[in-house]
Amino acid sequence: MAKKPRYWLMKSEPNVFSIDDLFNSPNQTESWDGVRNYQARNMMRDEMQQGDQVLFYHSSCKPPGIVGIAEVSRTAYPDHTAWDPNSPYFDVKSTPEHPRWYMVDIKFYKKYSRMISLDELKQQPELCEMPLVKRGSRLSIMPVTQQQWDIINKLAD
């Protein structure tokens with residue numbers, strides 16, 4: 001029996017990598033590299049599966065918010081940017097033999113007609129338990145429940 005897809009939110013600064021950059025990538029697919037938080041890495045490495053759905057969130061901008069949907073198209077594999085001394089994501093303790101960091105590939109699915117801002121998300125009582133809207137939640141990757149996914153996609157319509 002096929003596993004039911006899970007839902008995620010992944011943050012990216014639009015001046016570094018935006019949903020438009022994903023749309024314009026070859027095959028509308030790109031690796032999600034540079035994650036350097038162990039909790040986020042563990043979710044990518046241990047939980048994300050091909051076919052999982054992703055809310056694409058623009059962060060560190062005014063206003064921050066969800067701008068569209070992507071899909072996990074390749075499960076976790078070692079993040080080779082950790083081995084490149086010229087990369088901002090270089091980690092001397094990570095090697096090809098003993099990788100410390102992982103990445104997944106995501107594929108563009110849909111760009112919303114409008115951004116759903118963080119302020120708008122915080123105004124939805126049904127989303128009060130979503131990690132994104134809670135104080136102090138700064139992870140770049142977060143799980144999203146089916147109910148939260150449905151509410152957010154209704155807001156986007």
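**Entry 1: the largest pocket**

I began with the lining of the largest pocket: it comprises 28 residues, and K11, S12, E13, S59 and S140 lie nearest the centre. A pocket here is an open set of points on a 1 Å grid over the protein atoms alone, where a 1.4 Å probe fits, with protein on both sides within 12 Å along at least five of seven lines; lining residues have an atom within 4 Å of a point.

Before going on, I noted that this is a predicted model, in which local features need pLDDT of at least 70 and side-chain atom pairs count only at pLDDT 80 or more, while totals for chains, interfaces and linings use all residues. Residues are numbered from 1 along each chain as its sequence is written, and side-chain values use heavy atoms, with hydrogens and water left out.

I read off a volume of about 800 Å³ for the largest pocket; that is the space filled by probe spheres set on the points, which are joined across faces, edges and corners. Which elements supply at least two residues each to the lining? I found β1 (7-12), β2 (29-32) and α3 (118-122), and β2 gives the most, with three residues. Helices (H or I, at least four residues) and strands (E, at least two) are DSSP runs, numbered from the N terminus.

I also sorted the lining of this pocket by class: ten residues are nonpolar, nine polar and nine charged. Ala, Val, Leu, Ile, Met, Phe, Trp, Tyr, Cys and Pro count as nonpolar, Asp, Glu, Lys and Arg as charged, and the others, Gly among them, as polar.

**Entry 2: strand β3**

Why is β3 (residues 53-58) largely enclosed by the rest of the structure? Because six of its six residues are buried, meaning under 20% relative accessible area with a 1.4 Å probe, protein chains only. I checked both faces: Q53, L55 and Y57 cover one side, V54, F56 and H58 the other, and all are buried.

Next I looked at its partners, where pairing takes at least two DSSP bridges between two strands. β1 and β3 run parallel over six bridges, with M10 bridged to F56. β3 and β4 (residues 65-78) are antiparallel, also over six bridges, and V54 stands opposite A70. These two strands form a hairpin with six residues between them, and S60 in the turn has a positive phi of about 55°.

**Entry 3: the sheet and its helices**

I traced an open sheet of six strands, ordered β2-β5-β4-β3-β1-β6, with mixed pairing. Its edge strands are β2 and β6 (141-144), each pairing on one side only.

I then found α4 (residues 146-156) lying across β1, β3, β4, β5 and β6, at about 45° to β5; axes are lines fitted to C-alpha atoms, for helices over the stretch in contact (heavy atoms within 4.5 Å), and angles run from 0 to 180 degrees between N-to-C directions. Among the buried residues of α4 are W149, I151, I152 and L155. The buried residues of this helix pack against β1, β3, β4, β5, α3 and β6.

Conventions. Buried < 20%, exposed > 50% of the residue type's maximum accessible area, 1.4 Å probe, protein only.
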